[in-house]
Amino acid sequence: MTTALHKAPARTVLTLPGHSRAPAHTHTHTLAHAPTQHPRHSLAIDGEQDGTTATALGVQQLVNAFKPAFGRLHVLQDLVIPMYEGSAVPTARFDVALVCEAGVYLFEVKGWRNAVVYRKTSAHTVPRWFLRQRDHSLAREVKDPAWQCGRKTTHLRSLLPPDLRVQYFVLLPFDGVELEGVMPTVVITPQDLPYIARVARNNGRNEQGYPLLDGAAIDRTLQLLADVQGELTVDDHLRNSREKPGRAHASLPEHTAHAARPAHPAHPGVLKLQ
């Protein structure tokens, strides 16, 4: 039986069997019963102004692709984690995290619509990303989503057991987005999701380093993610993102501020419980 957790945007909710200590201000509901959300209006180039709609659509696409491949599937929205000491922003946010038998799959969801996405690469500089509206020649530069997601994923891996698969992707859920030129393999569209789900399942069966997780290991993974987040909220992360570098650490709640600058990886050892 698949259990889908869809969290209210305020903060992450992780519901574990026999664990009901969710804070009073949180809300949970089953994704399968969530109403379908439709775009309220068309955006010129990207949908970052309407990220809620993009994420809701992305969650539906992810569940439709991963649910047939796995017996248990948990969907976490707005997972906020503390970053390492010296980071420009002391927290990071994952739009969607899937926890299943194959491990943890993280997704940065970009609401770009009716746009061409391309990169300019050089042997001497880092790739630069651009968006331009279809049928227009003007383009604007955007932050590299693959680098952003990879950076925070690398840090999250250091806080989790080494035998737990943690993989990331950048999902573009809307139709009408064209990827021009050679893109990193982590940048995907809805058409790629069924294949990725099958590969995830097969990797769990075939690779010795990352075996499929049993029910107890999945529960432990959910609890570990809840522990990493602690009391951090999306509001904390948004406030940190607006702070000037060097002042952002003051925005962390006192009881979680120490987690933003761990001296050593905080994972509790291997996860294997089979």
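These legends walk through several close-up views of a predicted model.

View 1. Averaged over the protein chain, the pLDDT comes to 76, and 69% of the residues score at least 70. Residues 1-49 fall below 50, though this stretch still has 106 contacts in the model beyond near neighbours in sequence. Residues 257-265 are below 50 as well, with 19 contacts counted in that way.

View 2. Zoom in on strand 7 (residues 125-133) and you'll find four bridges to strand 8, running in the antiparallel sense. Leu131 is one spot to look for here, standing opposite Arg140 in strand 8.

**View 3. The largest nonpolar core.** This core counts 62 residues, and Phe66, Leu98 and Phe107 have the most contacts inside it. The top contributor is strand 4 (residues 91-100), which gives seven residues. Take a look around Leu98: setting aside residues up to four places away in sequence, its contacts include Leu62, Phe66, Leu73, Val75, Tyr105 and Phe107. His74 and Gly103 are also among the residues Leu98 touches. As a bit of background, nonpolar side chains in soluble globular proteins tend to be buried together.

**View 4. Gln61 in helix 1.** Helix 1 covers residues 51-66, and Gln61 is part of it. Is Gln61 buried or exposed? Its relative accessibility is 16%, so Gln61 counts as buried. Leaving out neighbours within four places in sequence, Gln61 is in contact with Leu171, Pro173, Pro190 and Leu193.

**View 5. Phe66 meets Phe107.** The structure has five aromatic pairs. In the one shown here, the ring centres of Phe66 and Phe107 are 6.4 Å apart and the planes stand at 85°, so the pair is edge-to-face. Phe66 belongs to helix 1 and Phe107 to strand 5 (residues 103-109), so this pair links parts of the chain 41 residues apart.

**View 6. Phe107 stacks with Phe169.** This aromatic pair is stacked, at 5.8 Å centre to centre with 20° between the planes. Phe107 comes from strand 5 and Phe169 from strand 9 (residues 166-171), so the pair ties together parts 62 residues apart in sequence. Phe107 is buried at a relative accessible area of 0%, and Phe169 counts as buried at 7%.

Notes. Residues are numbered from 1 along each chain as its sequence is written. This is a predicted model: local features need pLDDT of at least 70, side-chain atom pairs count only at pLDDT 80 or more; totals for chains, interfaces and linings use all residues. Side-chain values use heavy atoms; hydrogens and water are left out. pLDDT is the predictor's confidence in each residue, from 0 to 100. Contact means heavy atoms within 4.5 Å. Two strands pair if DSSP finds at least two bridges between them. Helices (H or I, at least four residues) and strands (E, at least two) are DSSP runs, numbered from the N terminus. A nonpolar core is a set of buried Ala, Val, Leu, Ile, Met, Phe, Trp, Tyr and Cys residues joined through side-chain atoms within 4.5 Å. Buried means under 20% relative accessible area, exposed over 50%, partly exposed in between (1.4 Å probe, protein chains only). Rings of Phe, Tyr and Trp (its six-membered ring) pair if their centres lie within 6.5 Å; planes under 30 degrees apart count as stacked, over 60 as edge-to-face and the rest as tilted.
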